[in-house]
Amino acid sequence: MSSEVIAIIGGTGLTQLEGPQITAAHNAETPLGNPSGPIEAGEWNGSQVLFLARHGHPHALPPHKINYRANLLALQQLGATKIIAVNAVGGIHPQMGSGKISVPHQVIDYTWGREGTYFDGEFRPLDHIDLTHPYDETLRQQLIAAAGRISQPLHEFGVYGATQGPRLETIEEINRMENDGCDLVGMTGMPEAALARELGIPYASLCLVVNPAAGKSDGEITMDEIRAVLRDGMQKVRDILAETLSGMADSQPEQ
Ligand code: HPA
């Protein structure tokens with residue numbers, strides 16, 4: 001078994017992994033509060049895994065009420081050495097239609113009012129981390145390579161725009177985001193990526209496009225349409241995760 005402990009944070013539509021053999025469920029506590037729910041620990045394709053449903057299970061916590069700081073701290077306490085985040089997103093880029101998968105390389109943060117740092121002068125002394133490249137390039141490439149091995153097409157790049165939610169956006173908000181360079185829009189990508197960097201844990205995201213963003217298709221966005229895409233799409237995401245873990249286990253020395 002590899003010495004890496006891969007934490008997977010599941011978003012909307014991924015509240016259970018199904019693949020791993022779960023051996024424990026931890027009700028972790030941190031000095032910054034409790035994570036969204038129990039953190040499952042187990043083994044999947046030769047890798048040690050942790051799994052946390054970001055919105056709780058059943059899905060209940062809205063994006064702005066998630067205790068991102070506690071979630072990541074709890075995963076670190078349980079030994080996470082890498083974090084793969086799964087995010088359901090809207091597609092802005094013309095090639096990011098429903099059902100498409102992207103491994104974003106950049107992020108723009110439009111959220112507000114979230115506890116977004118450990119270096120707040122209370123929990124830890126003020127510090128300024130580098131976030132030039134918000135996602136870990138090695139981990140991104142591991143996800144991309146795994147998708148390639150199972151012939152699952154995906155976009156290797158994407159600029160993720162993180163919005164406050166829980167409402168979806170207006171057409172002009174999406175137009176503005178497109179002008180800013182966003183390819184994808186979601187509500188949970190930040191401050192998660194920044195917090196992982198603050199903790200020094202390599203972090204990457206696997207995004208499933210579940211709807212064209214506002215104004216990018218005729219008519220309104222419905223939850224029915226999103227649910228239909230989630231069902232098949234998250235299975236593709238699970239397949240990529242399973243192959244990623246198996247690739248990591250093969251490339252690691254035995255413990
Ligand atoms: N906007 C913001 N977040 C989302 C969307 C969207 O269109 N779809 C899924 N998450």
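Glycine 90 puts a backbone N or O atom 3.3 Å from a nitrogen atom of the ligand, a polar contact in the sense of a pair of N or O atoms within 3.5 Å (within protein, one must be able to donate a hydrogen and the other to accept it, and residues adjacent in sequence count only if both atoms are side-chain atoms). The surroundings of the ligand consist of Ala88, Val89, Gly90, Leu168, Glu169, Val185, Gly186, Met187, Val210 and Asn211, where being near takes a heavy atom within 4 Å.

A word on what you're looking at: this is a predicted model, with local features needing pLDDT of at least 70 and side-chain atom pairs counting only at pLDDT 80 or more, while totals for chains, interfaces and linings use all residues. Numbering runs from 1 along each chain as its sequence is written, and side-chain values use heavy atoms, leaving out hydrogens and water.

Now for helix H4, residues 192-199. Helices here are DSSP runs (H or I, at least four residues), as are strands (E, at least two), numbered from the N terminus. Why is H4 largely enclosed by the rest of the structure? Seven of its eight residues are buried, and buried means under 20% relative accessible area, with exposed over 50% and partly exposed in between (1.4 Å probe, protein chains only). Those residues are Glu192, Ala193, Ala194, Leu195, Ala196, Glu198 and Leu199. Their cover includes strands E1 (5-10), E5 (82-91) and E10 (203-212), plus helix H1 (68-77).

On to the charged pairs. The whole structure holds ten salt bridges, each a side-chain nitrogen of Lys or Arg within 4 Å of a carboxyl oxygen of Asp or Glu. Here are some of them, with N to O distances.

| arginine 149 | glutamate 243 | 2.6 Å |

Lysine 216 is partly exposed at 31% relative accessibility, and glutamate 178 is partly exposed at 32%.

Glutamate 243 and arginine 149 also form a salt bridge, tying helix H5 (residues 223-251) to helix H2 (residues 137-149) across 94 residues. Is glutamate 243 buried or exposed? At 19% relative accessibility, glutamate 243 counts as buried, whereas arginine 149 is partly exposed at 45%. Separately, Arg69, Glu115 and Asp120 join up in a network of salt bridges.

Last stop: asparagine 67, in the loop between strand E4 (47-53) and H1. Asparagine 67 is partly exposed, with a relative accessible area of 24%. Leaving aside neighbours within four places in sequence, asparagine 67 is in contact with Leu32, Gly33 and Asn34, contact meaning heavy atoms within 4.5 Å.
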